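Student: I'm new to this one and would like a close look at a single part of it. Could you pick a helix and walk me through what surrounds it?

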Amino acid sequence: MSAPNARRRLNDQTAVGLLLAGPAMLGLFLFILAPFLVALALAFTNLRLGSPLPLEFVGVKQFERIFTDPDFLRALSNNLLFASTVVPLQTALALGLALLLNRGLRGTVVFRTLFFMPVVFPMSLVAVVWVLIYAPGPEGMMNGFLDLVTLGAWEPRDFLRDPMLAMPALMLLSIWQGAGFQMVILLAGLQQIPEELYEAAALDGAGRWSQFRHVTLPQLRNSLVFVVLVTSILAFRLFDQVQIMTRGGPDGATTTVIYEAVQAVFTRQQVARASAMTVVFFLLVLALTWLQRRLARQEREIG
Amino acid sequence: MKASRLGRLGSYLALTGLALLFLAPLAMMLAGSLKPNERVLVEAGTLAAFLPVGASLDNYAAVFERTDFLRFLFNSVFITGTIVAAGLIVNALAAYAFARLQWRGRDLLFNLVLALMILPFEAIAVPLFYGASILGLRDTYIVQILPFIANAFSIYLFYSFFIGLPRELEEAASLDGASTLRIFFAVIVPNSKPAFASVAILSFLTWWGSYLWPLLVTIVPEVRPLPVAIASFYTLPPLQWGDILAFGTLMVMPVLAVFLMFQRWFVRGVASSAIKG
């Protein structure tokens with residue numbers, strides 16, 4: 001094939017390539033990249049829908065404001081509390097389930113299906129159903145259950161209106177809904193561990209616990225890192241449960257960054273302030289993602 | 001791993017106990033949806049919560065009387081269905097161009113796709129909402145569909161799959177003089193069913209339960225999807241728990257049926273979301 005022909009072929013592929021990738025790239029530009037850049041820009045302005053003030057560049061004023069706003073700081077600390085509690089608990093539960101399902105027992109598929117079922121439930125439906133579960137008074141299901149397991153020592157509580165219990169209540173239903181998703185990912189990771197590694201470890205006289213520590217955990221590391229990252233990001237996206245069950249209350253005990261941002265833009269038309277909040281949210285997600293990539297890479301270098 | 005008899009028994013006990021805890025909210029929802037409204041809350045704290053004593057379909061009838069349930073169902077199916085179907089085509093075509101064709105700007109654009117993968121929807125919700133408001137697009141289907149068709153993560157999943165396909169498949173067709181588009185539909189698509197299934201299931205799970213965006217951009221029930229509809233039905237007086245649970249059961253039944261039929265595919269799809277980082 002002569003050179004001009006080769007070049008024409010290359011050009012042809014450029015046209016086809018752009019044509020095939022075009023629709024998706026156009027969508028990503030218009031609906032993801034452009035809005036993101038706009039959010040970055042808006043965070044440095046005073047934009048408010050329907051405000052008579054002219055649009056102005058105000059520097060980092062919105063950030064100064066949100067970082068001195070007790071509600072936003074409360075939201076940020078709530079997200080951190082949610083992440084630092086839910087991530088370890090949910091991951092441990094999912095790992096436990098995956099290990100139980102990976103023992104080659106009969107009926108594994110049935111159990112796997114049951115544990116995964118809540119994942120196909122929309123979070124808003126889960127939230128509404130759990131409002132009933134958390135109903136105050138002895139007739140509430142959670143109160144009844146706790147009364148049963150404490151043999152009658154439990155005093156009925158109004159979970160969603162109790163500043164100490166509202167957040168743990170949201171955490172519990174989030175774990176219930178999400179554990180199945182993680183379990184499936186960890187189970188897939190477990191199934192990829194070569195059986196020979198366990199046989200070799202057993203020959204070396206390693207017991208169950210030692211096999212788990214020296215074979216299972218290191219082999220599962222990338223899956224665990226991924227699961228922890230996804231759950232942490234979900235913890236910072238927390239919104240549906242809060243909006244439906246507590247509206248951020250009582251007394252800000254369950255407010256979150258995204259809930260505050262939605263309040264700002266939706267009920268107070270503060271577009272710039274809400275943008276600043278979502279920029280902070282994005283930086284948190286970025287930091288988490290960076291951390292995950294680093295941890296995963298480390299493993300590749302060692303392994 | 002082989003487990004001892006005692007170990008097996010312990011595993012079954014643990015699995016059964018956990019399964020009961022996982023199932024309790026669902027069993028309560030189903031039983032409560034069949035019970036007279038006033039009994040649902042009263043019995044929620046006892047074992048009677050799981051027994052549909054005095055079962056009837058009255059609550060289900062009430063759902064259809066008090067709400068436009070079928071409209072919400074249609075909205076959800078239409079919105080999610082369009083996002084998933086259009087997304088499969090658009091994102092798979094893009095992934096194919098990235099995985100197999102040589103073209104100028106390819107690497108730059110692909111790196112952009114990888115970078116956009118980490119942008120969660122919430123980070124762009126404010127300007128999107130602002131844009132939808134000034135364009136007068138609130139309370140439409142288009143604003144609930146169009147922004148979500150192109151998806152960086154879907155492109156990445158397709159890309160990872162296409163990269164692993166043997167090139168011989170396409171080369172034979174290419175010698176026959178088939179066009180790129182023809183090769184894609186006649187050779188690539190039939191050989192990539194697992195990838196299409198995974199992407200379809202993952203994007204379905206994402207958008208079917210979507211709440212924040214439709215809550216922001218819709219007010220009229222005519223275009224509202226189920227997740228927003230159940231939340232607003234719950235705040236609609238009088239508070240009738242039986243009706244709410246019937247709404248919830250109706251809303252989750254079709255998806256649950258599809259899930260139970262194709263649960264292997266669901267599991268595989270979710271597991272595939274974890275490929276590398």
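Tutor: Let's start with the record: an unreviewed UniProt entry annotates residues 73–262 of chain B as "domain: ABC transmembrane type-1". Keep in mind that what you're looking at is a predicted model.

Now for the helix itself. H8 of chain B runs over residues 152–163. The unreviewed UniProt entry also marks "transmembrane region" stretches in chain B, including residues 141–162 and 244–262. The stretch 141–162 of chain B is 68% helix and 0% strand, and its end C-alpha atoms lie 32 Å apart. For residues 244–262 of chain B, the figures are 95% helix and 0% strand, with 28 Å between the end C-alpha atoms.

What do we look at when two helices pack? The pair is described by the angle between their axes and the distance between the axes. Take H8(B) and helix H11 of chain B, residues 193–208: their axes come within 10 Å and cross at roughly 165°. An angle over 145 degrees counts as roughly antiparallel, so that is the label for H8(B) and H11(B). The crossing of H8(B) past H11(B) is right-handed. On the H8(B) side, the contact involves Phe153(B), Ser154(B), Leu157(B), Phe158(B) and Phe161(B), while H11(B) brings Pro194(B), Ala195(B), Phe196(B), Val199(B) and Leu202(B). Sort the residues of this H8(B)–H11(B) contact by class and you get nine nonpolar, one polar and no charged.

The other partner to look at is helix H4 of chain B, residues 69–100, whose axis comes within 8 Å of that of H8(B), crossing at roughly 50°. That angle makes H4(B) and H8(B) oblique to each other. The crossing of H4(B) past H8(B) is right-handed. From H8(B), the contact takes in Ser154(B), Ile155(B), Phe158(B), Tyr159(B), Phe162(B) and Ile163(B); from H4(B), the residues include Leu88(B), Asn91(B), Tyr96(B), Phe98(B) and Arg100(B). By class, the H4(B)–H8(B) contact has twelve nonpolar, two polar and one charged residues. Ser154(B) and Phe158(B) are listed in the contact with H11(B), and they turn up in the contact with H4(B) as well. A handy general point when you read such lists: an α-helix has 3.6 residues a turn, so residues three or four places apart point the same way.

Next, a few backbone details elsewhere in chain B. As a rule, most residues other than glycine have a negative phi, and most peptide bonds are trans. Asp139(B) has a positive phi, near 60°, and isn't a glycine. You'll find Asp139(B) in the loop between helix H6 (125–134) and helix H7 (142–145) of chain B. Asp139(B) is partly exposed, at 25% relative accessibility. Then there's the peptide bond from Pro237(B) to Pro238(B), which is cis, with omega near -5°. Pro238(B) belongs to the loop between helix H13 (226–234) and helix H14 (241–261) of chain B.

The peptide bond from Gly249(A) to Pro250(A) is cis, with omega near -10°, and Pro250(A) sits in the loop between helix H11 (240–246) and H12 of chain A. H12(A) itself covers residues 257–267; eight of its eleven residues are buried, so the rest of the structure largely encloses the helix. Among those buried residues are Tyr259(A) and Glu260(A). Just after H12(A) comes Gln269(A), with a positive phi of about 55°. Gln269(A) is partly exposed, at a relative accessible area of 31%.

One last stop links the two chains. In helix H6 of chain A, residues 141–149, the buried residues are Met141(A), Met142(A), Asn143(A), Gly144(A) and Leu146(A). They pack against helix H5 (123–133) and helix H7 (166–191) of chain A, together with helix H1 (5–34) of chain B. After H6(A) comes Leu151(A), with a positive phi near 55°.

Terms used: Residues are numbered from 1 along each chain as its sequence is written. Chains are lettered from A and ligands numbered from 1 in the order in which they are written. This is a predicted model: local features need pLDDT of at least 70, side-chain atom pairs count only at pLDDT 80 or more; totals for chains, interfaces and linings use all residues. Side-chain values use heavy atoms; hydrogens and water are left out. Axes are lines fitted to C-alpha atoms, for helices over the stretch in contact, and angles run from 0 to 180 degrees between N-to-C directions. Helices (H or I, at least four residues) and strands (E, at least two) are DSSP runs, numbered from the N terminus. Angles under 35 degrees count as roughly parallel, over 145 as roughly antiparallel, 65 to 115 as roughly perpendicular and the rest as oblique. A crossing is left-handed if the near helix is turned anticlockwise from the far one by less than a right angle, and right-handed if clockwise. Contact means heavy atoms within 4.5 Å. Ala, Val, Leu, Ile, Met, Phe, Trp, Tyr, Cys and Pro count as nonpolar, Asp, Glu, Lys and Arg as charged, and the others, Gly among them, as polar. UniProt positions are given in the numbering used here, feature names are shortened, and annotations may be inferred rather than shown by experiment. Buried means under 20% relative accessible area, exposed over 50%, partly exposed in between (1.4 Å probe, protein chains only).
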